[in-house]
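Hello,

Here is the structure you will be working with. Please open it first, then read my notes below.

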Amino acid sequence: MNTVKEYDYRKLRGRIKEKLGTERKFADKIGRTQNYISKVFKNGTYFTQKDISIGAEVLDISVDKIGLYFFTKKVHKNETTKLKEERTGDRNEN
C-alpha cells in the first residue's frame with residue numbers, strides 16, 4: 001500500500017495568484033525559495049508547520065480553512081473511476 005500522501009494544491013495556488021500574483025512572491029513572504037514551493041506543489045516535499053502558519057496569515061486564510069488549502073488530498077483518475085463504478089453498481093442493485 002502506498003503511504004505517501006499527495007496533496008492537491010489547486011485551491012492554494014489560486015489563492016496565491018489572487019492575493020499576491022505569483023508563487024515567487026508567496027515564497028519570499030514565507031521565507032522560502034521558488035524552487036522549494038515548486039517542489040511542494042509537485043508533492044516532492046511538504047510544507048512545514050511554520051510555512052503553513054505564515055502562509056495562512058499572508059494569504060488571509062482563516063484557521064478553519066487551512067485544511068482546505070493545505071491538506072486537500074489528490075484524487076487520482078483510477079480512484080475516481082472506481083468510485084463511479086461503485087456508485088453505478090449500487091444503483092443497478094436496487
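The backbone nitrogen of threonine 48 sits 2.9 Å from a polar atom in the side chain of aspartate 51. That is a polar contact (a pair of N or O atoms within 3.5 Å; within protein, one must be able to donate a hydrogen and the other to accept it, and residues adjacent in sequence count only if both atoms are side-chain atoms).

Before going on, some ground rules. This is a predicted model, in which local features need pLDDT of at least 70 and side-chain atom pairs count only at pLDDT 80 or more, while totals for chains, interfaces and linings use all residues. Residues are numbered from 1 along each chain as its sequence is written, and side-chain values use heavy atoms, with hydrogens and water left out.

Back to aspartate 51. Its place is helix H4, residues 49–58. Helices here are DSSP runs (H or I, at least four residues), numbered from the N terminus. Is aspartate 51 buried or exposed? It is buried, because its relative accessible area is 3%. The classes are buried (under 20% relative accessible area), exposed (over 50%) and partly exposed (in between), with a 1.4 Å probe and protein chains only.

Which residues does aspartate 51 touch? They are Ile30, Arg32 and Tyr36, leaving out residues up to four places away in sequence. Touching is contact, meaning heavy atoms within 4.5 Å.

Now the charged pairs. The whole structure holds three salt bridges. Each is a side-chain nitrogen of Lys or Arg within 4 Å of a carboxyl oxygen of Asp or Glu.

- **Arginine 32 and aspartate 51.** Their closest N and O atoms are 3.0 Å apart. The pair links distant parts of the chain: arginine 32 is in the loop between H2 and helix H3 (34–41), aspartate 51 is in helix H4, and they are 19 residues apart. Arginine 32 is partly exposed, at 28% relative accessibility.
- **Arginine 13 and glutamate 23.** This salt bridge spans 2.8 Å, N to O. Arginine 13 lies in helix H1 (residues 10–19) and glutamate 23 in helix H2 (residues 23–30), so the pair ties together parts ten residues apart in sequence. Arginine 13 is partly exposed at 37%. Glutamate 23 is partly exposed at 22%.
- **Arginine 10 and aspartate 8.** Here the closest N and O atoms are 2.5 Å apart. Arginine 10 is exposed, at 65%. Aspartate 8 is buried, at 16%.

Best wishes

Conventions: Helices (H or I, at least four residues) and strands (E, at least two) are DSSP runs, numbered from the N terminus.
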